[in-house]
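This report goes from the whole chain down to a few of its parts. Keep the sequence and the 3D view open while reading.

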Amino acid sequence: MSIRPVVVLAEELSPATVEALGPDFEIRQSDGTDRPRLFADIAEADALMVRSATQVDAEVLSYAKKLKVVARAGVGLDNVDIPAATAAGVMVVNAPTSNIVSAAELTCAHILGLARNISPAHQALKAGEWKRSKYTGVELQDKVLGVIGLGRIGGLVAERMKAFDMEILAYDPYVTAARAHQLGAQLVSLDELYEKADVITIHMPKTPETLGMLGKDAFAKMKDTAVVVNVARGGLIDEEALEEALAAGEIGGAAVDVFSTEPSTDLPFFARENVVVTPHLGASTHEAQEKAGVSVAKSVRLALAGELVPDAVNVAGGAIDPLVRPGIPLIEKLGRVLNALSTEAFTDIETEAAGEIAEHNVSALQLAALKGLFTDVVHEPVSYVNAPVLAEQRGISTRLTTTTEVEDYRNALTVRGATSSGTNLSVRGTLTGPKQIEKIVGINGYDLEITLTDHLVVFEYADRPGVVGALGRILGDEGVNIAGMQISQNTKEGRALAVLAIDSALPTGVLESISAEVQATLAAEVDLED
């Protein structure tokens, strides 16, 4: 059994990837295409890194008892069963921006290749035939490029082809006209794009709605000289409809890098001179491969350190704002405190972010609160991935609320819970000073301010003289040092709440003894020491 976390590389990854992992891990090489070997190798794995050849399905995951993260060194995740990984509490990460330049450049290369008949002219000359007149091409200047999907890659293609003095039309329901204008493109309807474009390139995700998007109806609306390019996802072009459109002369040609089934080597349109095909080379550059490997290596390091990972696909969020990040460990601890306060099951959990922090994406805080809530409840490791699953399995409703209004602090985070009997509990915290000291500033409506330490005890009781003395006396008799104490009073109801920071965990039975002595209605010990 390895002392260091084990990272299994199921496929060949660049030396830069291994270097980015660093010396803190034991690196083991496997073969993702050899299922029995993979089953054996993954048994002790904390992380699995793959490219596209390894199928990470429920069967593979069933052998991975320690697995915390699957990292795909690339963009696509067709080979990873994300729902199965999520159910198993395994984070899935990829490198969503690693190949955008490579894919955009290949798209531009295909456009240029189609315009000047480079591939068939090359083949003819290599076969000893000089067919200069046959392969007369067209200039791209003043031609119309139709970009379907003006995201990161589509936007790069638009910017680059604008340099050839092409007119750029674009269809993307999620892009504003202002953003399109920045890229030198004009937003139009899909039908208008089909009718006017001389070159059509598609850059859409593969979804049920986009599957076969470039099909029979689309080809019928295009110019008979139009050419189509797909370097995005296999299946976006209806391959049977493409062959029919080419055979009927409905369109002028095509360039295809991705296919519905891969590898594909014998589709009917492969034999056509006005078709250029490549074997899924969109991300196949040294730069893209290295970027992908290094990117997911960094994600693996974060995941195995228990931190949120911006590129995790089965965790809500994205890039975590620097103002939000310090609140993640705080609210995770608040979740653990809330759980310690309750002797009943929760039915509802609310996470609230108040103050300046509310102006940012704080979805990561809800995940952290749930992770903290379940850390001391379940036997299996709790992660930012499976914490929402654990809540759902237990019928706990969860919600995240935000407000920019907060009176006493710059920012305040609160976790509230309702139990099956209708009891409402809450813990409020904040970060103070240049060193961002974690503090609890409220419990169940009582205002207080105490540094959040590894060992806390909380008591609620009828407010009366002698209680504080009794607390100190019993703890002193047991050799437990009090590092800090806060008493908060509810004078209207004649009650008080005491929170004590202590240097070590309470000996067995002491909590019960103190509770009986002070006649506490709430007695809880919080142990945050890892």
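## Contacts and burial

The model is predicted. Among the contacts in the protein chain with a separation of 6 or more, 62% are between residues 24 or more positions apart. Of the 530 residues in the protein chain, 50% are buried.

## Overall form

The protein chain contains 17 helices and 22 strands. Its radius of gyration is 30 Å, while the globule rule gives 24 Å for 530 residues; the value is well over the rule, so the chain is more spread out than a compact globule. Along the principal axes, the C-alpha atoms fill a box of roughly 105 × 50 × 40 Å.

## Surface and charge

The protein chain has an accessible surface of about 24,800 Å². Carbon and sulfur atoms supply 50% of that surface.

The protein chain carries 44 positive and 73 negative charges. The mean position of the positive charges and that of the negative charges lie 4 Å apart.

## Strand β5 and Val-92

Strand β5 covers residues 91–93 and includes Val-92. Is Val-92 buried or exposed? Its relative accessibility is 0%, so Val-92 counts as buried, the cut-off for buried being under 20%.

Which residues does Val-92 touch, leaving aside those up to four places away in sequence? Val-70, Leu-77, Val-80, Ile-82 and Ala-85 are among them, and so are Asp-311, Ala-312, Val-313 and Asn-314. Val-313 is 221 residues from Val-92 in sequence, yet their C-alpha atoms are 5.9 Å apart in space.

## Helix α14 and Ser-363

Helix α14 runs over residues 363–375, and Ser-363 is found in it. Ser-363 has a relative accessible area of 17%. Buried means under 20%, so a residue with a value below that cut-off is classed as buried; Ser-363 is therefore buried.

The side chain of Ser-363 also makes a polar contact of 2.9 Å with the side chain of Asn-361.

## Helix α15

Helix α15 spans residues 386–393. Which residues in α15 are buried? They are Asn-386, Ala-387, Val-389, Leu-390 and Ala-391.

The cover over the buried residues of α15 includes helix α14, described above, together with α4 (82–87) and β14 (397–403). After α15 comes Gly-395, which has a positive phi near 70°.

Technical notes:
Residues numbered from 1 in each chain as written. Predicted model: local features only at pLDDT ≥ 70, side-chain atom pairs only at ≥ 80, totals over all residues. Heavy atoms only, no water. Helix = DSSP H or I, 4+ residues; strand = E, 2+ residues; numbered from the N terminus. Rg over C-alpha atoms; globule rule 2.2 N^0.38 Å. Buried < 20%, exposed > 50% of the residue type's maximum accessible area, 1.4 Å probe, protein only. Contact = heavy atoms within 4.5 Å. Areas by Shrake-Rupley, 256 points an atom, 1.4 Å probe, with all protein chains shown as cover. Lys, Arg positive; Asp, Glu negative; His and termini not counted. Charge placed at Lys NZ, Arg CZ, Asp CG, Glu CD. Polar contact = N/O pair within 3.5 Å; in protein donor to acceptor, adjacent residues only side chain to side chain.
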